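Me: Could you take a close look at one part of this model for me, the place where two of its chains meet? I'd like one connected picture of that interface.

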4 protein chains.
Amino acid sequence: MPATARGRRSRQALLDAARIVFARDGFTAARITDIADQAGAAHGSFYTYFKSKDEIFLALIEELEEDLRVSGRGESAASDDAYARILRANTEYLTAYYDNRGIMVVWEQAATLNPEVAELRSQASDRAVARVVRAIERMQAAGEVSPAIDARYAATALTGMISNFAYRWCLRDEDFELDRAAQQLSLLWANALGIPTP
Amino acid sequence: MPATARGRRSRQALLDAARIVFARDGFTAARITDIADQAGAAHGSFYTYFKSKDEIFLALIEELEEDLRVSGRGESAASDDAYARILRANTEYLTAYYDNRGIMVVWEQAATLNPEVAELRSQASDRAVARVVRAIERMQAAGEVSPAIDARYAATALTGMISNFAYRWCLRDEDFELDRAAQQLSLLWANALGIPTP
Amino acid sequence: MPATARGRRSRQALLDAARIVFARDGFTAARITDIADQAGAAHGSFYTYFKSKDEIFLALIEELEEDLRVSGRGESAASDDAYARILRANTEYLTAYYDNRGIMVVWEQAATLNPEVAELRSQASDRAVARVVRAIERMQAAGEVSPAIDARYAATALTGMISNFAYRWCLRDEDFELDRAAQQLSLLWANALGIPTP
Amino acid sequence: MPATARGRRSRQALLDAARIVFARDGFTAARITDIADQAGAAHGSFYTYFKSKDEIFLALIEELEEDLRVSGRGESAASDDAYARILRANTEYLTAYYDNRGIMVVWEQAATLNPEVAELRSQASDRAVARVVRAIERMQAAGEVSPAIDARYAATALTGMISNFAYRWCLRDEDFELDRAAQQLSLLWANALGIPTP
DNA sequence: TATGAATGAGACTTCATTCAT
DNA sequence: AATGAATGAAGTCTCATTCAT
């Protein structure tokens, strides 16, 4: 981290610029020059703060995950039933994805190009899968979900269903509505596991 | 198309080489030189048959889709029930994806880089979604699926669930088993729509 | 020269094609492939008859000069006065240039690129200059042209005036009229040398 | 334009190098590499300042025209008669052409290859023609030049006579003398229009 | 002779990264 | 810290010419 306030400002300007440029041009097509220009900095100044295009992208993703995590901190009343929890989680995810759709789509792209980005992407997925695995197993223990369901397969499939839906929606700007999507996806999710729905 | 048999052989050799190189190196890292080398041809010969890396990739995808379509021609006994049809379709899809996993994963990558590839990818998705939309609507008309389900949202979500599962499985070589995956995914799919399962 | 009639036909087809392609694309941009295509021949057949692009161009120029020489054989009545002879020569030159304007313009271009073509071009110029030098000297001997005129400078300048006019006219398709141009240029030419005009 | 003095020096070094290389090798044969080498710069540095060979050539021509314009600013005493003015203009033109003969000859070549260069070339010609047209019309109005002369045809022909003479002279390094050429060409020019000569 | 595929030298251009000021 | 110029590796593509059938 830069020592001076001025340095921190410059670094942040580059990060903000990178978010815009990556979202606009994609990972591959984005050029260091463009990011520096967008930040109002000289070409060479970029390297004062980041070693490479990959590095700034990783920093950007970290910042993004921080944002997503904060926005995901909805108050989950203990009294919520299973369906309500699913609905809220899906709504939050879709909202966050849509709000950051430019960079989310590029993240998927960058993950196909850079192993470290791929690793970050995988870890995020894995965390989500693990959370869902635990939830399913808890419900199976409580007799609320059939033992015929394999928690790991199901968690992978269902989280993938949500993230892929979000990706397609945002990538091609398809005509879906946020609330309806959250409701329909949650319905499918709950039905798939045999959880009662309203 | 080349006029002589020799020409057709050369072209095919380049396509075969491209499949290997793309699967090994990814779309971006693959170089024309490598493809020509792999095909045992001179550098310039590549350009006798293809104008660019993008063009040969598109040709490769067309060939691939042809292959997938052929392998998808399973005999569907009229007596099949809904679940059996879902299971067979999913099994076929996962099998084909796995058999071609190298190039399938690169296809996803290339789709993020080249608009024409993206278009092909989208069309393939759209066709699958459209098929499932029709099936759901038919079952809704027959009272087998609840009218609370929005066919378009559901078809997008469920096909996405399958293809995303296949992608993650093949991308990271995760420890899933083909038959179990097909069975679990089909179970989730059927449950989600309220279709009876064994 | 090809031994068989078929061979001679092929060679001529290539020459005709070359004239079209060179006139259309210019010397540099014209490709062997295009010439062969235009002639309805295979790419490789070109080399049965010509060693290179330069060679076919030289052959073409020879053919062209033959044509020009034939068309320049106007009957020059002995009774003609000097102005009439000048007018006829200029009219013939401009007519021939205009009729072959596509290739004439390319000839000028090719002369800047290929030494042999430049040599041919120079020889043609030199012949024209030499003819005019002789004519001026004859007229000076006869007291019809002032001895203050240097025949070599004048002949170079006046033939250049005509050919440059033709070049500009045809290159940019400028709005000049053949008869008026011939008349005006001849008037300038005759005046320049002090030869009586009508 | 470069922001720093160092940048401007580098750009100028490339322009100077280009002038040498183009004059030596011609437009087509000149390579970017050679220009960079000649300027003592790295290959890639060329592209810091110019997008292509065409672009640097155009910049070079602009610089050249600036030079020519400056050198053409001879003091024209109002007392000059028509012949004196013609003689001075021709002397200046031939001098400038000869001094820059290397690049002037290449300019003619490049004009046959690049439309933008051709356009610049044409504009320069057109300006010269327009100036002469006005001069002739003025003299016709004053009764000094016969109305039988068509000003546009004559101006095109006479300026072409001069420039073509210069071109041939410099292209083949023909044995002409600057002063004698200027005097002879001016004599022909004046005679052609019926202007009194010494 | 005709064909069309094969070859490979050679030029151009991009842009991430380094460096001098 | 900031600037902007300098570097050069790396890859693409063209096309005249050669060759095998």
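Reply: Happy to! A salt bridge here is a side-chain nitrogen of Lys or Arg within 4 Å of a carboxyl oxygen of Asp or Glu. By that criterion, four salt bridges link chain C and chain D in this predicted model. One of them pairs D:D150 with C:R180, with 3.0 Å between the closest N and O atoms.

Helix 7 (115-141), helix 8 (151-171) and helix 9 (178-193) of chain C each give two or more residues to the side that touches chain D. Helix 8 of chain C gives the most, with 14 residues. Sorted by class, that side of chain C holds 18 nonpolar, 12 polar and eight charged residues.

As for the extent of the interface, 38 residues of chain C are in contact with 38 residues of chain D. Together the two chains bury about 3,400 Å², and carbon and sulfur atoms give 57% of that area. Within chain C, the residues that lose the most area to chain D are C:Y153, C:R168 and C:L188, which together make up 20% of what that side buries.

Chain A and chain D do not touch, their nearest C-alpha atoms being 12 Å apart. No contact joins chain A and chain C either, and there the closest C-alpha atoms lie 32 Å apart.

Notes
Residues are numbered from 1 along each chain as its sequence is written. Chains are lettered from A and ligands numbered from 1 in the order in which they are written. This is a predicted model: local features need pLDDT of at least 70, side-chain atom pairs count only at pLDDT 80 or more; totals for chains, interfaces and linings use all residues. Side-chain values use heavy atoms; hydrogens and water are left out. Contact means heavy atoms within 4.5 Å. Buried area is the accessible area (1.4 Å probe) that two parts lose on being put together, summed over both. Helices (H or I, at least four residues) and strands (E, at least two) are DSSP runs, numbered from the N terminus. Ala, Val, Leu, Ile, Met, Phe, Trp, Tyr, Cys and Pro count as nonpolar, Asp, Glu, Lys and Arg as charged, and the others, Gly among them, as polar.
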